[in-house]
Amino acid sequence: MNKLLQTFRILHKAYGPQGWWPVTPEGENKPHYGVKITLQRHRFEIAIGAILTQNTAWTNAEKALIALHAKNVLTPEKILKLQKEKLALLIRPAGYFNQKAERLMTLAEFFTTTDITQEETTMLRTKLLALQGVGPETADSILLYAAEKPVFVIDAYTRRIFSRMGYLPENGSYETWQNLFHSMLPKDTILFKEYHALLVKHTKKACRKRPVCETCIFSDTCKKLV
C-alpha cells in the first residue's frame, strides 16, 4: 500500500466518516453533514458555499446560507432576481459580502445554462476557472462535491500536513500538489471527498499552526518530529 493510502486509512480509523459536503435537507434552513447529494439544488448550494467560505470560517458561510434559505432565494433564478445590494446584505456574515454577492450572481448565471453533472471534467474545470472569483481550490471543491468528479482539492490544510510529513514544500504550486495526489491515489470521488474532509478534521484536531504533536496520530512518522 502506498503512503498516501496508508495515511488515509489511519485518518479514517481515527476520526471515522465525515459526511462532507454539508447541505440543507428539505424543509430546513441549516446545512447538515451526511446528506446524500441527489438534487440539483444541493449541487447549487454546495457551489454557493464554496464561494461563501472563501477567506472565512465555514461557520460564517453557514450563517449566510441560513439567511438565504430563510428568504427562500437559494436557487440560481431567485439569486439573479435579487438586487445585488440585498444579496450582499443577506450574506454579510460571510465577509467580503459585496465582492461575494457579485461572484454568487455570476455563479447563478452559470448554473442556469450548465448541468455540471453532464460536463466533461476538464472542460467544466476550465469554465469554472473562467468565472469571476473562482480559483483552483474553489473550482475543485465544486467539481468534487457538487459535480462529483474525481478531482482532489488542495487547500492550506493539505499543504500544511503533508509538507510537515516531508512530501513537498508547503509553498509548492497548486498543480504540483494536486498531481501528487492524483498520481498516488485511485481516481475515486468517494475517496477524494472523504480524504479531503479528514485532512480538515486532522488539522483542527492536531496539525494546527502551532501543532499538538504529542497526541498526533502521526507522531511516530511525521518528518517535523524526526
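Reader: How many salt bridges does a search of the whole structure find?

Author: This is a predicted model, and a search of the whole structure finds six salt bridges. A salt bridge here is a side-chain nitrogen of Lys or Arg within 4 Å of a carboxyl oxygen of Asp or Glu. One of them joins the side chains of arginine 41 and glutamate 26, with an N to O distance of 3.1 Å.

Reader: Which residues are linked in a network of salt bridges?

Author: Arg43, Glu148 and Lys193 form such a network. Within it, lysine 193 and glutamate 148 have their closest N and O atoms 2.9 Å apart. Lysine 193 lies in helix α11 and glutamate 148 in the loop between α8 (136-146) and α9 (156-164), so this pair connects parts that are 45 residues apart in sequence.

Reader: Is lysine 193 buried or exposed?

Author: The general idea is a cut-off: buried means under 20% relative accessible area, and exposed means over 50%. Lysine 193 has a relative accessible area of 13% and is therefore buried.

Reader: Where do positive charges gather in a patch on the surface?

Author: A patch of positive charge on the surface is formed by Lys201, Lys204, Lys205 and Arg208. Lysine 205 is placed in helix α11, which spans residues 189-205. Its relative accessible area is 53%, so lysine 205 counts as exposed.

Reader: What is the pattern of the chain, read along the sequence?

Author: The chain follows the pattern α-α-α-α-α-α-α-α-α-α-α, with 11 helices and zero strands. Its radius of gyration is 18 Å, close to the 17 Å that the globule rule gives for 226 residues, so the chain is as compact as a globular protein of that length. Taken along the principal axes, the C-alpha atoms fill a box of roughly 55 × 35 × 30 Å. Of the 226 residues, 49% count as buried.

Reader: Which residue has a positive phi of about 45° although it is not a glycine?

Author: The general idea comes before the case. Most residues other than glycine have a negative phi. Tyrosine 96 has a positive phi of about 45°, and its place is the loop between α5 (84-90) and α6 (97-113). Tyrosine 96 counts as exposed, at 51% relative accessibility. Asparagine 72 also has a positive phi, of about 55°, and lies in the loop between α3 (58-70) and α4 (76-81).

Reader: Which peptide bond is cis, with omega near 0°?

Author: Most peptide bonds are trans. The bond from tryptophan 20 to tryptophan 21 is cis, with omega near 0°. Tryptophan 21 is located in the loop between α1 (3-15) and α2 (40-52).

Conventions. Residues are numbered from 1 along each chain as its sequence is written. This is a predicted model: local features need pLDDT of at least 70, side-chain atom pairs count only at pLDDT 80 or more; totals for chains, interfaces and linings use all residues. Side-chain values use heavy atoms; hydrogens and water are left out. Patches are made of residues with over 30% relative accessible area and no salt bridge: like charges are joined within 9 Å, nonpolar side chains (Val, Leu, Ile, Met, Phe, Trp, Tyr) within 5 Å. Accessible areas come from the Shrake-Rupley method with a 1.4 Å probe; for residues, only the protein chains shown count as cover. Lys and Arg count as positive and Asp and Glu as negative; His and the chain ends are not counted. The place of a charge is taken as NZ of Lys, CZ of Arg, CG of Asp or CD of Glu. Helices (H or I, at least four residues) and strands (E, at least two) are DSSP runs, numbered from the N terminus. Buried means under 20% relative accessible area, exposed over 50%, partly exposed in between (1.4 Å probe, protein chains only). The radius of gyration is taken over C-alpha atoms; the globule rule is 2.2 Å times the number of residues to the power 0.38.
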